[in-house]
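Q: Please take a close look at the place where the two chains touch. Then set each partner in context.

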Amino acid sequence: MVHAVNSGHPGGSLGCTDYIVSLYFSHMKVNADQWNMDGIGEDLFFLSNGHISPVWYSVLSRRGYFPVSELSTFRKLNTRLQGHPTTHEGLPGVRIASGSLGQGLSVALGAAQAKKLNNDKGLVFTLHGDGELQEGQIWEAAMYAAHHKVDNLISAIDVNGQQIDGPTEKVMSLGNLRAKWEAFGWTVLEMDGNDMDAIDTTFNQAKSMTGQGKPIMILMKTEMGKGVDFMEGTHKWHGVAPNDAELANALSQLEETLGDY
Amino acid sequence: MLEFTIHNNNDTRSGFGEGLHELGKSNPKVVALCADLIGSLKMDAFKKDFPERFFQVGIAEANMMGVAAGLTIGDKIPFTGTFANFSTGRVYDQIRQSIAYSGKNVKICASHAGLTLGEDGATHQILEDIGMMAMLPHMTVINPCDFHQTKAATIALADHHGPAYLRFGRPKVPCFTAPDQKFEIGKAWHIHAGTDVTIIATGHLVWKAVEAARILEAEGISVDLINIHTIKPLDVQAIVTSAAQTGAVVTAEEHQIIGGLGSMVAQALSQHHPCPVEHVGVNDSFGESGTPDQLMQKYGLEKENIIAAAKKAIARKK
(Lines give C-alpha, C1' and ligand atoms only; values in the text may rest on other atoms or scores of the structure.)
Protein backbone atom coordinates (compact mmCIF):
# COMPACT_ATOMS: atom_id res chain seq x y z
CA MET A 1 0.00 0.00 0.00
CA VAL A 2 2.62 2.50 1.09
CA HIS A 3 4.97 1.54 -1.72
CA ALA A 4 2.25 1.78 -4.36
CA VAL A 5 1.65 5.47 -3.70
CA ASN A 6 5.18 6.20 -2.49
CA SER A 7 3.81 7.75 0.71
CA GLY A 8 2.54 6.71 4.11
CA HIS A 9 3.80 5.44 7.43
CA PRO A 10 5.17 1.89 7.42
CA GLY A 11 7.25 1.89 10.62
CA GLY A 12 4.57 2.44 13.25
CA SER A 13 2.14 0.33 11.26
CA LEU A 14 4.36 -2.73 11.38
CA GLY A 15 5.02 -2.26 15.10
CA CYS A 16 1.29 -2.22 15.90
CA THR A 17 0.18 -4.99 13.55
CA ASP A 18 0.03 -7.66 16.26
CA TYR A 19 -2.05 -5.43 18.54
CA ILE A 20 -4.61 -4.45 15.91
CA VAL A 21 -4.91 -7.98 14.52
CA SER A 22 -5.47 -9.40 17.99
CA LEU A 23 -8.02 -6.71 18.78
CA TYR A 24 -10.15 -7.24 15.69
CA PHE A 25 -9.81 -11.01 15.35
CA SER A 26 -9.74 -12.17 18.98
CA HIS A 27 -11.03 -9.54 21.36
CA MET A 28 -13.46 -6.99 19.98
CA LYS A 29 -17.12 -7.78 19.52
CA VAL A 30 -17.99 -6.12 16.21
CA ASN A 31 -20.57 -6.36 13.43
CA ALA A 32 -18.26 -5.69 10.49
CA ASP A 33 -20.81 -6.63 7.85
CA GLN A 34 -23.55 -4.50 9.43
CA TRP A 35 -21.50 -1.37 9.84
CA ASN A 36 -23.16 1.57 11.51
CA MET A 37 -21.69 4.68 13.11
CA ASP A 38 -23.25 4.31 16.55
CA GLY A 39 -22.08 0.74 17.10
CA ILE A 40 -24.71 0.05 19.74
CA GLY A 41 -23.92 -3.23 21.48
CA GLU A 42 -20.52 -3.42 19.80
CA ASP A 43 -17.01 -2.80 21.05
CA LEU A 44 -15.47 0.31 19.49
CA PHE A 45 -11.90 1.13 18.50
CA PHE A 46 -10.41 4.60 18.07
CA LEU A 47 -7.04 5.03 16.39
CA SER A 48 -5.68 8.28 17.78
CA ASN A 49 -2.33 8.07 16.00
CA GLY A 50 -4.04 8.12 12.63
CA HIS A 51 -0.86 8.01 10.60
CA ILE A 52 -0.62 4.25 11.06
CA SER A 53 -3.68 3.98 8.83
CA PRO A 54 -2.03 1.33 6.56
CA VAL A 55 -2.21 -1.37 9.23
CA TRP A 56 -5.69 -0.34 10.40
CA TYR A 57 -7.09 -0.35 6.86
CA SER A 58 -5.46 -3.72 6.22
CA VAL A 59 -7.05 -5.23 9.31
CA LEU A 60 -10.46 -3.60 8.74
CA SER A 61 -10.66 -4.96 5.21
CA ARG A 62 -9.69 -8.46 6.28
CA ARG A 63 -12.20 -8.31 9.09
CA GLY A 64 -14.86 -7.67 6.46
CA TYR A 65 -15.57 -3.93 6.71
CA PHE A 66 -14.75 -3.35 3.03
CA PRO A 67 -13.17 -5.31 0.17
CA VAL A 68 -9.46 -6.09 0.46
CA SER A 69 -9.12 -4.93 -3.14
CA GLU A 70 -9.93 -1.39 -2.01
CA LEU A 71 -6.55 -1.25 -0.23
CA SER A 72 -5.05 -0.52 -3.65
CA THR A 73 -6.74 2.92 -3.58
CA PHE A 74 -4.89 4.03 -0.43
CA ARG A 75 -3.96 7.72 -0.57
CA LYS A 76 -5.11 8.03 -4.20
CA LEU A 77 -7.51 10.67 -5.51
CA ASN A 78 -11.17 9.96 -4.67
CA THR A 79 -10.30 7.13 -2.25
CA ARG A 80 -12.17 6.30 0.92
CA LEU A 81 -8.77 5.30 2.34
CA GLN A 82 -7.44 8.79 2.99
CA GLY A 83 -3.86 9.26 4.16
CA HIS A 84 -5.21 9.72 7.63
CA PRO A 85 -8.49 8.03 8.62
CA THR A 86 -11.70 9.99 8.20
CA THR A 87 -15.45 9.52 8.40
CA HIS A 88 -15.79 12.06 5.61
CA GLU A 89 -15.62 9.52 2.79
CA GLY A 90 -17.82 6.99 4.58
CA LEU A 91 -15.27 4.22 5.02
CA PRO A 92 -16.86 1.49 7.18
CA GLY A 93 -15.05 0.96 10.47
CA VAL A 94 -13.91 4.56 10.97
CA ARG A 95 -15.86 6.60 13.51
CA ILE A 96 -13.73 9.76 13.81
CA ALA A 97 -11.09 11.56 11.81
CA SER A 98 -7.61 11.35 13.29
CA GLY A 99 -4.24 12.59 12.23
CA SER A 100 -3.82 15.77 14.20
CA LEU A 101 -2.55 14.06 17.33
CA GLY A 102 -3.87 13.94 20.86
CA GLN A 103 -7.59 13.99 20.14
CA GLY A 104 -8.60 10.33 20.05
CA LEU A 105 -8.70 9.70 23.79
CA SER A 106 -11.21 12.50 24.36
CA VAL A 107 -13.45 11.16 21.61
CA ALA A 108 -13.22 7.64 22.98
CA LEU A 109 -14.22 8.90 26.42
CA GLY A 110 -17.35 10.51 24.99
CA ALA A 111 -18.21 7.32 23.14
CA ALA A 112 -17.65 5.29 26.32
CA GLN A 113 -19.92 7.62 28.29
CA ALA A 114 -22.59 7.40 25.59
CA LYS A 115 -22.44 3.61 26.04
CA LYS A 116 -23.04 4.03 29.75
CA LEU A 117 -26.02 6.33 29.10
CA ASN A 118 -27.39 3.73 26.69
CA ASN A 119 -26.81 0.83 29.14
CA ASP A 120 -24.62 -0.64 26.44
CA LYS A 121 -22.12 -3.16 27.79
CA GLY A 122 -19.73 -2.75 24.85
CA LEU A 123 -16.15 -1.68 25.53
CA VAL A 124 -14.11 1.09 23.96
CA PHE A 125 -10.49 0.56 22.89
CA THR A 126 -7.97 3.21 21.87
CA LEU A 127 -4.43 3.29 20.54
CA HIS A 128 -2.01 6.21 20.86
CA GLY A 129 1.59 6.79 19.89
CA ASP A 130 4.10 7.46 22.64
CA GLY A 131 5.22 10.69 21.00
CA GLU A 132 1.56 11.68 20.96
CA LEU A 133 1.65 11.89 24.76
CA GLN A 134 3.50 15.17 24.30
CA GLU A 135 0.14 16.70 23.33
CA GLY A 136 -1.53 18.39 26.31
CA GLN A 137 -5.04 17.25 25.41
CA ILE A 138 -4.06 13.67 26.27
CA TRP A 139 -3.55 14.70 29.89
CA GLU A 140 -6.81 16.64 30.00
CA ALA A 141 -8.50 13.46 28.87
CA ALA A 142 -6.52 11.32 31.32
CA MET A 143 -7.75 13.45 34.22
CA TYR A 144 -11.33 13.42 32.95
CA ALA A 145 -11.41 9.64 32.50
CA ALA A 146 -10.44 8.96 36.10
CA HIS A 147 -12.70 11.68 37.52
CA HIS A 148 -15.73 10.37 35.65
CA LYS A 149 -14.80 6.72 36.33
CA VAL A 150 -14.83 5.75 32.67
CA ASP A 151 -14.20 2.08 33.35
CA ASN A 152 -15.44 0.66 30.04
CA LEU A 153 -12.30 1.89 28.31
CA ILE A 154 -9.09 -0.01 27.50
CA SER A 155 -6.45 2.28 26.04
CA ALA A 156 -3.02 1.39 24.77
CA ILE A 157 0.12 3.33 24.03
CA ASP A 158 2.53 2.18 21.37
CA VAL A 159 5.77 2.61 23.27
CA ASN A 160 8.23 2.30 20.41
CA GLY A 161 10.46 5.09 21.70
CA GLN A 162 10.59 6.83 18.33
CA GLN A 163 9.14 9.95 16.80
CA ILE A 164 9.80 11.96 13.65
CA ASP A 165 12.83 13.88 14.88
CA GLY A 166 14.42 10.94 16.66
CA PRO A 167 14.16 8.86 19.83
CA THR A 168 11.53 10.20 22.26
CA GLU A 169 14.24 10.32 24.93
CA LYS A 170 16.11 12.93 22.88
CA VAL A 171 13.15 14.85 21.44
CA MET A 172 11.02 15.16 24.59
CA SER A 173 11.47 12.62 27.37
CA LEU A 174 8.25 10.92 28.42
CA GLY A 175 9.54 10.02 31.86
CA ASN A 176 8.00 7.23 33.87
CA LEU A 177 4.82 6.46 31.97
CA ARG A 178 3.53 3.89 34.44
CA ALA A 179 3.91 6.35 37.30
CA LYS A 180 2.29 9.12 35.30
CA TRP A 181 -0.80 7.15 34.33
CA GLU A 182 -1.13 5.67 37.81
CA ALA A 183 -0.87 9.15 39.30
CA PHE A 184 -3.71 10.19 37.01
CA GLY A 185 -5.84 7.41 38.51
CA TRP A 186 -5.62 4.74 35.83
CA THR A 187 -5.01 1.02 36.15
CA VAL A 188 -1.80 0.37 34.21
CA LEU A 189 -0.81 -2.87 32.52
CA GLU A 190 2.29 -3.56 30.45
CA MET A 191 2.84 -5.95 27.60
CA ASP A 192 5.14 -6.87 24.74
CA GLY A 193 3.19 -5.57 21.76
CA ASN A 194 5.01 -7.84 19.36
CA ASP A 195 4.16 -11.09 21.16
CA MET A 196 0.72 -12.43 20.26
CA ASP A 197 0.43 -14.59 23.36
CA ALA A 198 1.33 -11.69 25.63
CA ILE A 199 -1.20 -9.46 23.89
CA ASP A 200 -3.91 -12.10 24.25
CA THR A 201 -3.19 -12.58 27.94
CA THR A 202 -3.07 -8.85 28.65
CA PHE A 203 -6.31 -8.13 26.79
CA ASN A 204 -8.06 -10.85 28.79
CA GLN A 205 -6.69 -9.39 32.00
CA ALA A 206 -7.71 -5.87 31.01
CA LYS A 207 -11.23 -6.95 30.09
CA SER A 208 -11.57 -8.66 33.46
CA MET A 209 -10.68 -5.37 35.14
CA THR A 210 -13.32 -3.24 33.41
CA GLY A 211 -16.32 -2.06 35.41
CA GLN A 212 -14.25 -1.42 38.51
CA GLY A 213 -14.34 2.36 38.49
CA LYS A 214 -11.02 3.01 36.77
CA PRO A 215 -9.93 3.47 33.16
CA ILE A 216 -7.30 1.01 31.97
CA MET A 217 -4.07 1.82 30.18
CA ILE A 218 -1.84 -0.77 28.51
CA LEU A 219 1.75 0.33 27.97
CA MET A 220 2.72 -1.69 24.93
CA LYS A 221 6.38 -2.05 24.12
CA THR A 222 6.83 -2.46 20.38
CA GLU A 223 9.53 -2.21 17.80
CA MET A 224 8.94 0.19 14.96
CA GLY A 225 9.14 -1.62 11.62
CA LYS A 226 8.75 -5.04 13.27
CA GLY A 227 9.24 -7.93 10.86
CA VAL A 228 11.32 -6.04 8.30
CA ASP A 229 14.92 -6.04 9.44
CA PHE A 230 16.00 -2.80 7.84
CA MET A 231 12.98 -0.91 9.25
CA GLU A 232 13.29 -2.17 12.81
CA GLY A 233 14.18 0.05 15.73
CA THR A 234 14.57 3.36 13.90
CA HIS A 235 12.45 6.45 13.38
CA LYS A 236 13.70 6.71 9.80
CA TRP A 237 10.73 4.71 8.47
CA HIS A 238 8.10 6.77 10.28
CA GLY A 239 6.77 8.42 7.14
CA VAL A 240 8.86 7.08 4.28
CA ALA A 241 7.80 4.58 1.62
CA PRO A 242 10.11 1.75 0.53
CA ASN A 243 11.42 1.74 -3.05
CA ASP A 244 11.08 -1.27 -5.38
CA ALA A 245 14.15 -3.06 -4.11
CA GLU A 246 13.30 -2.36 -0.46
CA LEU A 247 9.74 -3.58 -0.99
CA ALA A 248 11.00 -6.83 -2.51
CA ASN A 249 13.40 -7.26 0.37
CA ALA A 250 10.65 -6.54 2.95
CA LEU A 251 8.11 -8.86 1.39
CA SER A 252 10.67 -11.65 1.17
CA GLN A 253 10.83 -11.46 4.97
CA LEU A 254 7.03 -11.56 5.34
CA GLU A 255 5.90 -14.05 2.74
CA GLU A 256 2.37 -14.39 4.11
CA THR A 257 1.57 -10.85 2.96
CA LEU A 258 2.33 -11.51 -0.70
CA GLY A 259 -0.47 -11.13 -3.23
CA ASP A 260 -2.65 -8.99 -1.03
CA TYR A 261 -4.54 -6.99 -3.61
CA MET B 1 -43.85 50.31 12.48
CA LEU B 2 -40.59 49.52 14.21
CA GLU B 3 -42.61 49.44 17.43
CA PHE B 4 -42.06 46.38 19.59
CA THR B 5 -43.21 45.14 22.93
CA ILE B 6 -40.16 45.04 25.16
CA HIS B 7 -40.77 41.90 27.22
CA ASN B 8 -37.88 42.63 29.53
CA ASN B 9 -34.20 43.40 29.51
CA ASN B 10 -32.46 40.09 29.63
CA ASP B 11 -29.22 38.42 28.61
CA THR B 12 -29.05 36.15 25.58
CA ARG B 13 -27.12 33.58 27.63
CA SER B 14 -30.20 33.14 29.80
CA GLY B 15 -32.17 32.41 26.64
CA PHE B 16 -29.68 29.63 25.96
CA GLY B 17 -30.05 28.30 29.51
CA GLU B 18 -33.84 28.19 29.25
CA GLY B 19 -33.75 26.62 25.80
CA LEU B 20 -31.31 23.96 26.97
CA HIS B 21 -33.47 23.18 29.99
CA GLU B 22 -36.53 22.76 27.78
CA LEU B 23 -34.57 20.44 25.52
CA GLY B 24 -33.64 18.41 28.58
CA LYS B 25 -37.32 17.83 29.18
CA SER B 26 -38.34 17.23 25.57
CA ASN B 27 -35.39 15.38 24.04
CA PRO B 28 -33.66 12.56 25.96
CA LYS B 29 -30.81 12.53 23.44
CA VAL B 30 -29.67 16.01 24.48
CA VAL B 31 -26.62 16.06 26.77
CA ALA B 32 -24.63 19.05 27.99
CA LEU B 33 -20.96 19.66 28.75
CA CYS B 34 -19.44 22.62 30.53
CA ALA B 35 -15.86 23.74 31.20
CA ASP B 36 -16.16 25.22 34.69
CA LEU B 37 -18.63 27.96 33.74
CA ILE B 38 -22.03 26.56 34.68
CA GLY B 39 -23.29 29.80 36.20
CA SER B 40 -21.91 32.01 33.44
CA LEU B 41 -23.55 29.85 30.78
CA LYS B 42 -26.82 29.55 32.73
CA MET B 43 -26.63 25.75 32.59
CA ASP B 44 -27.60 25.32 36.27
CA ALA B 45 -31.19 24.27 35.58
CA PHE B 46 -30.19 21.57 33.10
CA LYS B 47 -27.53 20.25 35.48
CA LYS B 48 -29.96 20.18 38.39
CA ASP B 49 -32.76 18.35 36.59
CA PHE B 50 -30.72 16.09 34.33
CA PRO B 51 -27.50 15.35 36.25
CA GLU B 52 -26.88 12.05 34.45
CA ARG B 53 -26.85 13.92 31.13
CA PHE B 54 -24.56 16.70 32.31
CA PHE B 55 -20.76 16.42 32.09
CA GLN B 56 -18.44 18.77 33.96
CA VAL B 57 -15.10 18.75 32.13
CA GLY B 58 -13.20 21.30 34.18
CA ILE B 59 -10.93 23.88 32.57
CA ALA B 60 -10.11 21.64 29.64
CA GLU B 61 -11.89 22.87 26.55
CA ALA B 62 -9.94 20.77 24.06
CA ASN B 63 -11.00 17.63 25.87
CA MET B 64 -14.57 18.92 26.03
CA MET B 65 -14.78 19.18 22.24
CA GLY B 66 -13.44 15.66 21.83
CA VAL B 67 -15.74 14.16 24.46
CA ALA B 68 -18.68 15.91 22.80
CA ALA B 69 -17.71 14.44 19.44
CA GLY B 70 -17.51 11.00 21.05
CA LEU B 71 -20.93 11.32 22.67
CA THR B 72 -22.51 11.65 19.23
CA ILE B 73 -21.28 8.10 18.60
CA GLY B 74 -24.13 6.51 20.50
CA ASP B 75 -26.73 8.97 19.20
CA LYS B 76 -26.45 11.75 21.78
CA ILE B 77 -26.84 15.43 20.88
CA PRO B 78 -24.16 17.26 22.89
CA PHE B 79 -24.32 20.99 23.68
CA THR B 80 -20.98 22.35 24.90
CA GLY B 81 -20.85 25.50 27.00
CA THR B 82 -18.00 27.90 27.64
CA PHE B 83 -16.98 31.45 26.71
CA ALA B 84 -16.83 32.20 22.99
CA ASN B 85 -13.06 32.61 23.03
CA PHE B 86 -12.56 29.17 24.59
CA SER B 87 -15.24 27.70 22.30
CA THR B 88 -13.41 28.62 19.11
CA GLY B 89 -9.85 29.86 18.88
CA ARG B 90 -8.59 27.84 21.80
CA VAL B 91 -9.97 24.61 20.38
CA TYR B 92 -10.02 25.28 16.66
CA ASP B 93 -8.15 22.15 15.64
CA GLN B 94 -10.27 19.94 17.89
CA ILE B 95 -13.42 21.39 16.33
CA ARG B 96 -11.97 21.16 12.84
CA GLN B 97 -10.89 17.51 12.99
CA SER B 98 -13.08 15.80 15.60
CA ILE B 99 -16.32 17.72 14.97
CA ALA B 100 -16.49 19.49 11.59
CA TYR B 101 -14.44 17.17 9.38
CA SER B 102 -15.87 14.18 11.22
CA GLY B 103 -19.41 15.50 10.63
CA LYS B 104 -20.41 15.19 14.28
CA ASN B 105 -23.70 16.54 15.56
CA VAL B 106 -22.19 18.79 18.24
CA LYS B 107 -23.69 22.16 19.20
CA ILE B 108 -20.93 24.52 20.30
CA CYS B 109 -22.63 27.11 22.50
CA ALA B 110 -20.60 30.20 23.28
CA SER B 111 -21.30 33.01 25.69
CA HIS B 112 -19.58 36.31 26.47
CA ALA B 113 -18.84 36.95 22.81
CA GLY B 114 -17.70 40.36 21.71
CA LEU B 115 -16.97 43.68 23.40
CA THR B 116 -20.05 43.57 25.64
CA LEU B 117 -18.21 41.14 27.90
CA GLY B 118 -16.82 44.40 29.24
CA GLU B 119 -14.28 44.72 32.00
CA ASP B 120 -12.47 41.41 31.53
CA GLY B 121 -10.77 42.90 28.50
CA ALA B 122 -9.47 41.71 25.17
CA THR B 123 -8.29 38.25 26.25
CA HIS B 124 -11.93 37.27 26.64
CA GLN B 125 -13.63 39.61 24.16
CA ILE B 126 -13.36 37.47 21.08
CA LEU B 127 -14.22 39.32 17.87
CA GLU B 128 -12.97 36.72 15.40
CA ASP B 129 -15.12 33.71 16.28
CA ILE B 130 -17.78 34.08 13.59
CA GLY B 131 -15.14 34.19 10.89
CA MET B 132 -13.26 31.20 12.24
CA MET B 133 -16.35 29.08 12.56
CA ALA B 134 -17.91 30.14 9.27
CA MET B 135 -14.79 29.07 7.43
CA LEU B 136 -15.19 25.46 8.55
CA PRO B 137 -17.00 23.46 5.85
CA HIS B 138 -20.61 22.60 6.72
CA MET B 139 -20.52 24.45 10.06
CA THR B 140 -23.77 26.27 10.85
CA VAL B 141 -23.19 29.64 12.56
CA ILE B 142 -25.95 31.40 14.49
CA ASN B 143 -25.77 34.72 16.36
CA PRO B 144 -29.18 35.53 17.86
CA CYS B 145 -30.19 39.01 18.96
CA ASP B 146 -32.16 38.69 22.22
CA PHE B 147 -33.37 36.33 24.92
CA HIS B 148 -36.32 34.87 23.01
CA GLN B 149 -34.45 34.42 19.77
CA THR B 150 -31.57 32.71 21.56
CA LYS B 151 -33.94 30.36 23.33
CA ALA B 152 -35.71 29.53 20.07
CA ALA B 153 -32.40 29.01 18.26
CA THR B 154 -31.16 26.67 20.99
CA ILE B 155 -34.30 24.56 20.72
CA ALA B 156 -34.17 24.56 16.91
CA LEU B 157 -30.59 23.30 16.94
CA ALA B 158 -31.57 19.99 18.51
CA ASP B 159 -33.62 19.15 15.42
CA HIS B 160 -30.89 20.27 13.05
CA HIS B 161 -28.41 17.52 12.24
CA GLY B 162 -24.81 18.63 11.95
CA PRO B 163 -22.16 20.72 13.69
CA ALA B 164 -23.26 24.19 14.73
CA TYR B 165 -21.91 27.25 16.52
CA LEU B 166 -24.33 29.30 18.63
CA ARG B 167 -22.99 32.67 19.76
CA PHE B 168 -24.53 34.76 22.51
CA GLY B 169 -23.51 37.18 25.24
CA ARG B 170 -23.52 38.50 28.73
CA PRO B 171 -25.23 41.94 28.83
CA LYS B 172 -28.91 42.46 29.47
CA VAL B 173 -30.42 43.81 26.26
CA PRO B 174 -34.03 44.59 25.24
CA CYS B 175 -35.97 41.42 24.54
CA PHE B 176 -38.26 42.44 21.70
CA THR B 177 -38.80 39.32 19.60
CA ALA B 178 -41.82 37.08 20.11
CA PRO B 179 -41.73 34.54 22.93
CA ASP B 180 -43.39 31.83 20.83
CA GLN B 181 -41.38 32.42 17.65
CA LYS B 182 -40.47 29.61 15.33
CA PHE B 183 -36.76 29.79 14.62
CA GLU B 184 -35.89 28.86 11.07
CA ILE B 185 -32.16 28.21 10.67
CA GLY B 186 -30.87 30.00 7.58
CA LYS B 187 -33.93 32.21 7.12
CA ALA B 188 -33.50 35.96 7.57
CA TRP B 189 -36.05 37.94 9.59
CA HIS B 190 -37.34 40.86 7.57
CA ILE B 191 -38.02 43.30 10.40
CA HIS B 192 -39.13 46.33 8.37
CA ALA B 193 -39.69 47.12 4.71
CA GLY B 194 -38.10 50.22 3.18
CA THR B 195 -36.68 51.59 -0.05
CA ASP B 196 -33.68 53.90 0.54
CA VAL B 197 -31.16 51.76 2.39
CA THR B 198 -30.83 48.19 3.66
CA ILE B 199 -29.53 47.63 7.17
CA ILE B 200 -28.45 44.07 7.91
CA ALA B 201 -27.69 43.36 11.56
CA THR B 202 -26.88 40.39 13.75
CA GLY B 203 -26.63 39.74 17.50
CA HIS B 204 -26.62 42.65 19.90
CA LEU B 205 -26.47 45.10 17.00
CA VAL B 206 -30.01 44.24 15.91
CA TRP B 207 -31.67 46.34 18.61
CA LYS B 208 -29.27 49.20 17.89
CA ALA B 209 -30.21 48.87 14.20
CA VAL B 210 -33.89 49.13 15.16
CA GLU B 211 -33.14 52.34 17.07
CA ALA B 212 -31.11 53.66 14.14
CA ALA B 213 -33.89 52.82 11.69
CA ARG B 214 -36.43 54.72 13.77
CA ILE B 215 -34.30 57.85 13.67
CA LEU B 216 -33.61 57.50 9.95
CA GLU B 217 -37.30 56.98 9.21
CA ALA B 218 -38.11 60.08 11.25
CA GLU B 219 -35.68 61.97 9.03
CA GLY B 220 -37.50 60.70 5.96
CA ILE B 221 -35.07 57.92 5.03
CA SER B 222 -36.86 54.66 4.31
CA VAL B 223 -35.03 51.68 5.83
CA ASP B 224 -35.26 48.03 4.85
CA LEU B 225 -34.19 46.26 8.04
CA ILE B 226 -33.06 42.66 8.07
CA ASN B 227 -31.95 40.46 10.94
CA ILE B 228 -29.46 37.83 9.85
CA HIS B 229 -29.35 35.47 12.83
CA THR B 230 -27.94 32.62 10.80
CA ILE B 231 -24.66 33.82 9.39
CA LYS B 232 -24.02 30.47 7.77
CA PRO B 233 -25.80 29.30 5.71
CA LEU B 234 -26.39 32.93 4.72
CA ASP B 235 -29.83 33.88 3.40
CA VAL B 236 -28.38 35.33 0.20
CA GLN B 237 -31.77 35.67 -1.43
CA ALA B 238 -33.11 37.94 1.30
CA ILE B 239 -30.00 40.12 1.12
CA VAL B 240 -29.96 40.39 -2.66
CA THR B 241 -33.70 41.04 -2.90
CA SER B 242 -33.40 43.91 -0.43
CA ALA B 243 -30.25 45.36 -2.03
CA ALA B 244 -31.89 45.26 -5.44
CA GLN B 245 -34.65 47.46 -4.04
CA THR B 246 -32.58 49.93 -2.02
CA GLY B 247 -29.24 49.98 -3.84
CA ALA B 248 -27.31 50.68 -0.63
CA VAL B 249 -26.42 48.36 2.25
CA VAL B 250 -25.09 48.64 5.81
CA THR B 251 -23.98 45.67 7.87
CA ALA B 252 -23.76 45.80 11.67
CA GLU B 253 -22.17 43.28 14.01
CA GLU B 254 -20.23 42.98 17.26
CA HIS B 255 -17.29 41.31 15.50
CA GLN B 256 -14.36 42.09 13.28
CA ILE B 257 -15.48 43.47 9.94
CA ILE B 258 -12.95 41.14 8.33
CA GLY B 259 -14.40 37.64 8.20
CA GLY B 260 -17.76 38.37 9.81
CA LEU B 261 -21.24 39.20 8.61
CA GLY B 262 -19.92 42.25 6.75
CA SER B 263 -17.47 40.22 4.70
CA MET B 264 -20.04 37.58 3.91
CA VAL B 265 -22.70 40.08 2.85
CA ALA B 266 -20.20 41.99 0.70
CA GLN B 267 -19.13 38.75 -0.92
CA ALA B 268 -22.71 37.79 -1.72
CA LEU B 269 -23.53 41.24 -3.08
CA SER B 270 -20.37 41.53 -5.17
CA GLN B 271 -21.45 38.35 -6.92
CA HIS B 272 -25.22 38.91 -7.21
CA HIS B 273 -25.91 42.64 -6.93
CA PRO B 274 -22.92 44.97 -6.66
CA CYS B 275 -23.82 48.15 -4.77
CA PRO B 276 -22.37 50.44 -2.06
CA VAL B 277 -21.86 48.54 1.21
CA GLU B 278 -20.79 50.15 4.48
CA HIS B 279 -19.71 48.13 7.52
CA VAL B 280 -20.32 48.76 11.21
CA GLY B 281 -18.05 46.45 13.18
CA VAL B 282 -14.67 46.34 14.87
CA ASN B 283 -12.05 47.50 12.43
CA ASP B 284 -8.99 45.25 12.77
CA SER B 285 -8.53 45.88 16.48
CA PHE B 286 -8.54 44.07 19.81
CA GLY B 287 -10.89 45.23 22.56
CA GLU B 288 -9.97 46.41 26.06
CA SER B 289 -11.39 46.83 29.56
CA GLY B 290 -14.36 49.10 30.11
CA THR B 291 -18.12 48.96 30.56
CA PRO B 292 -20.04 47.44 27.66
CA ASP B 293 -21.56 50.82 26.78
CA GLN B 294 -18.21 52.58 26.85
CA LEU B 295 -16.69 49.94 24.62
CA MET B 296 -19.53 49.94 22.11
CA GLN B 297 -19.12 53.71 21.84
CA LYS B 298 -15.35 53.71 21.59
CA TYR B 299 -15.29 51.00 18.93
CA GLY B 300 -18.10 52.51 16.88
CA LEU B 301 -20.89 49.99 17.38
CA GLU B 302 -23.69 52.39 18.40
CA LYS B 303 -26.85 53.42 16.61
CA GLU B 304 -25.15 56.69 15.65
CA ASN B 305 -22.54 54.71 13.75
CA ILE B 306 -25.25 52.77 11.93
CA ILE B 307 -27.02 56.02 11.01
CA ALA B 308 -23.79 57.56 9.71
CA ALA B 309 -23.01 54.42 7.71
CA ALA B 310 -26.51 54.42 6.21
CA LYS B 311 -26.17 58.03 5.07
CA LYS B 312 -22.74 57.30 3.63
CA ALA B 313 -24.02 54.30 1.71
CA ILE B 314 -26.94 56.30 0.34
CA ALA B 315 -24.60 59.13 -0.69
CA ARG B 316 -22.45 56.66 -2.60
CA LYS B 317 -25.44 55.66 -4.70
CA LYS B 318 -25.60 59.04 -6.33
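A: Here is the contact, followed by each chain in turn. This is a predicted model: local features need pLDDT of at least 70, side-chain atom pairs count only at pLDDT 80 or more, and totals for chains, interfaces and linings use all residues. Residues are numbered from 1 along each chain as its sequence is written, while chains are lettered from A and ligands numbered from 1 in the order in which they are written.

The contact takes 27 residues from chain A and 22 residues from chain B. Two residues are in contact if their C-beta atoms, placed from the backbone, lie within 7 Å. On the side of chain A that touches chain B, the elements giving two or more residues are α5 (104–117) and α6 (136–147) of chain A. Helices are DSSP runs of H or I with at least four residues, strands are runs of E with at least two, and both are numbered from the N terminus. The largest share of this side, 10 residues, comes from α5(A).

Now chain A itself. It has 10 helices and 7 strands. Its C-alpha trace spans about 50 × 45 × 30 Å along the principal axes. Among contacts in chain A between residues at least 6 apart in sequence, 74% join residues at least 24 apart.

Chain B comes next. It has 13 helices and 14 strands. Its C-alpha trace spans about 60 × 35 × 35 Å along the principal axes. Among contacts in chain B between residues at least 6 apart in sequence, 80% join residues at least 24 apart.
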